[in-house]
Amino acid sequence: MPRALFLLFALPIAACEFNGAISQETPSPGPEILAPPASASAIGATTASATPGAANVALKGVRTILGSGILGSLRHPRGVAAGSAVLAAADTRNHKIHLSRSGGTEWAASGTGLAGYFDGASTEAQFFYPNGAAVDLDGTVLVVDTDNQAIRRIGKDGKVTTIAGDTRRGRIDGAALEARFADPTGIAVDAQGAIFVVEQGGSSIRKVAGGQVTTLVGSAGVGFSDGAADSAMLNRPFGLAADAGGNLYVADTDNHRVRKILPNGFVSTLAGGDPGFKDGIRTAAQFNFPRGVAVDSAGRVYVADAGNHAIRVIETTGEVKTVAGGTAGFLDGTLAQARFDEPSGLAFYPDDGSLIIADTNNHRIRAMNPTSP
């Protein structure tokens with residue numbers, strides 16, 4: 001039987017607290033972005049290459065695979081997920097999840113589009129500001145349903161079920177359906193099938209495994225500190241990714257850093273420090289409210305640097321480079337030409353190696369070949 005339905009008609013409390021993740025259309029106020037000005041022709045421009053189509057490693061640079069840029073078809077998407085023969089996008093302000101099993105050529109929506117909470121068939125299910133998504137080992141899609149304070153699963157038959165969270169905001173470990181989250185936003189699945197969840201409200205990383213929810217990092221409070229799990233601190237992190245070795249990578253948004261978490265919970269700073277926009281080695285590099293991370297098969301970490309409207313990469317040597325973007329706008333094309341507007345979510349599509357991007361304020365999902373001109 002579906003779990004209880006409740007509809008909320010007033011502005012949600014959690015959304016009011018979200019400071020850049022939901023309540024605002026832009027990241028939290030920060031220092032002036034140090035990107036060079038874009039040409040007038042780039043801002044708001046469109047090209048013929050923006051026609052939706054399949055993600056394909058042969059593509060040159062960046063192209064749009066979902067969304068027209070007009071509010072309605074997509075509205076501030078913030079999370080994407082990819083697995084073999086499956087793509088998913090969290091259509092945050094439309095309270096839907098879009099799914100494709102055709103490489104992005106055809107999409108179907110899960111959720112009615114009404115803010116609420118209901119488990120059931122895809123045409124009946126309801127979400128409330130979903131922000132993150134991941135693909136489980138069996139090809140099902142996991143959803144971070146932020147304002148329902150829950151982790152949901154979309155089966156291959158389209159049925160939506162809740163796998164963790166009792167829908168009330170809090171920070172309680174324990175049995176999965178009795179545990180509580182504080183504004184979860186990002187999600188990743190490791191090679192053993194364990195699920196890890198970023199809580200922006202709690203500035204913590206939670207683990208869902210064996211029917212239990214535990215806190216991996218975040219018990220020390222909110223702030224910045226590297227070290228063991230019980231002493232390390234994050235500051236309103238947003239996105240999460242896992243590599244083949246069980247390491248986690250976190251977009252530590254309000255610390256303007258990318259952090260690495262070892263399987264034992266030890267936290268270190270992979271790159272970033274003072275807010276700004278600068279390429280460089282590890283902590284000499286600068287980010288501006290990074291939101292999304294993704295790891296490729298070679299161990300490079302890609303970053304959706306929302307405040308800088310750019311896609312960055314942290315090489316295995318620790319060097320940070322800007323791959324595309326750097327000025328707010330919209331333009332498909334080569335990496336040098338491409339423009340983004342607060343990109344938030346990233347995921348690698350294993351079927352062709354494309355990097356899938358939730359381009360939030362452009363209301364589009366885009367695909368990029370990171371190695372093309």
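Student: Which residue lies over the face of Phe 224?

Tutor: This is a predicted model, so its contacts are computed from predicted coordinates. A charge counts as over a ring if CZ of Arg is within 6 Å of the ring centre and within 35 degrees of the ring normal. At 3.9 Å from the ring centre of Phe 224, the residue over the face is Arg 257.

Student: Over which ring does the charged end of Arg 364 sit?

Tutor: The charged end of Arg 364 is 3.7 Å from the centre of the ring in question. That ring belongs to Phe 330.

Student: How many aromatic pairs does the structure hold, and is the pair of Phe 128 and Tyr 129 stacked or edge-to-face?

Tutor: The structure holds two aromatic pairs. Phe 128 and Tyr 129 are 5.5 Å apart, centre to centre, with 25 degrees between the planes. Planes under 30 degrees apart count as stacked, so the pair of Phe 128 and Tyr 129 is stacked.

Student: How many residues apart in sequence are the parts that the pair of Tyr 302 and Phe 348 ties together?

Tutor: Tyr 302 and Phe 348 form an edge-to-face pair, with 75 degrees between the planes. Both Tyr 302 and Phe 348 are buried. Tyr 302 lies in strand β23 and Phe 348 in strand β26, so the parts tied together are separated in sequence by 46 residues.

Student: Which residue in β28 is the bridge partner of Arg 63?

Tutor: Strand β2 (residues 62–66) has four of its five residues buried. β2 pairs with strand β28 (residues 364–368) in the antiparallel sense, over four bridges. In β28, Arg 63 has as its bridge partner Ala 367.

Key. Residues are numbered from 1 along each chain as its sequence is written. This is a predicted model: local features need pLDDT of at least 70, side-chain atom pairs count only at pLDDT 80 or more; totals for chains, interfaces and linings use all residues. Side-chain values use heavy atoms; hydrogens and water are left out. Rings of Phe, Tyr and Trp (its six-membered ring) pair if their centres lie within 6.5 Å; planes under 30 degrees apart count as stacked, over 60 as edge-to-face and the rest as tilted. Helices (H or I, at least four residues) and strands (E, at least two) are DSSP runs, numbered from the N terminus. Buried means under 20% relative accessible area, exposed over 50%, partly exposed in between (1.4 Å probe, protein chains only). Two strands pair if DSSP finds at least two bridges between them.
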